[in-house]
Amino acid sequence: MKEKYTIEKDGFVGYWHPAEGHNGKALMVFPGSGADYELTRKGSEFLGKAGWNRLFVAFAGWDGLPEDPVLAPVEYAEKAVAVLKDAGFEKIGVYGISAGAKFAITAASMLPDISLVVAASPFDYTTEAFKGTKALNESTFSFRGEPLPYDPTATLHRNIISVLFRTAFSKKYGMRRMLRGCYEENVQTEKARIKVENMHADFLMQCPGYDDCWPSDEAVPRMEKILKEAGYPYRYKATVYEKGSHLLCGDLSGSPEYLKSMKKILQAEYADQDACNKAREDSMKEALTFLEGWE
């Protein structure tokens, strides 16, 4: 394995962090929206300390990739899987938070070589790509050169200023739940749903009691129900952390400035960051326990 992988030479942006303890198994780590390499490395270091090999695979924002995903190829994950298989890894899993969790379940639903998924605060519908506050009329993800079906981001097709103003000053949402208010403007369609029942993977999904960013608290129970009705043959577990925030299953203790900034953005962090920290700790412990059952 190389320390660094590039679009030009390898077809994906990646960084390799080996560990000792779980031979033959590796996790691909997908960064969340706006999370740079250092934040992603620190946040997932609990996995490395527990002996899990990590290959960071970016789909936006890093090393020249678009800041927000626009037709981001699932092939990034596919090529990373091929690299890991060529290096002798027999079991390949994925881990992600927020947008990283969404890319993780998308990749796992399309790539049968992925045999484990840890998704914290995922959303199970492909949505429209955007740049700033401009809707791009394109899908967030693509595969084999074709855009994945997506649901338009309704807010961005209207007067964004009036929508944000109304959301920010509403009793239901307010300043620290504006993103959630915008997401709830969307109309979800079956064609855009990420077909998690097609995965060939053990699946741990986690969400807060109420997600200030997007409705992962609706997505996780929905995916659990779909898997149950489909007779999903692999391990799966859905956990709701009632007092947690959108930021679950990542170690933010080494990023105090980032944590401080999140109190300005997320209502849950503002209201009780100690409770959110406890939920993060518990969700990381749960992820490590779930990983131990990966066979």
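This is a predicted model: local features need pLDDT of at least 70, side-chain atom pairs count only at pLDDT 80 or more; totals for chains, interfaces and linings use all residues.
Modeller: Residues count from 1 along each chain as its sequence is written. Local features need pLDDT of at least 70, side-chain atom pairs need 80 or more, totals for chains, interfaces and linings use all residues, and side-chain values use heavy atoms without hydrogens or water.

Biologist: How many disulfides are there?

Modeller: A disulfide is a pair of cysteine sulfur atoms within 2.5 Å. By this rule the count is zero. For C207, the nearest cysteine sulfur is that of C249, 12 Å away, and C207 is in no disulfide.

Biologist: Why is C207 called buried?

Modeller: Buried means under 20% relative accessible area, exposed over 50%, partly exposed in between (1.4 Å probe, protein chains only). C207 has 0%, so C207 is buried. C213 has 13% relative accessibility, so C213 counts as buried.

Biologist: What makes β1 and β13 edge strands?

Modeller: Strands are DSSP runs of E, at least two residues, and helices are runs of H or I, at least four, both numbered from the N terminus. Two strands pair if DSSP finds at least two bridges between them. Eight strands form an open, mixed sheet in the order β1-β2-β4-β3-β6-β7-β12-β13. β1 (4-5) and β13 (236-241) each have a single partner strand, so one side of each lacks a neighbour in the sheet.

Biologist: How many bridges join β3 to β6?

Modeller: Six bridges join β3 (residues 25-30) to β6 (residues 91-97), and the two strands run parallel. L27 has G93 as its bridge partner in β6.
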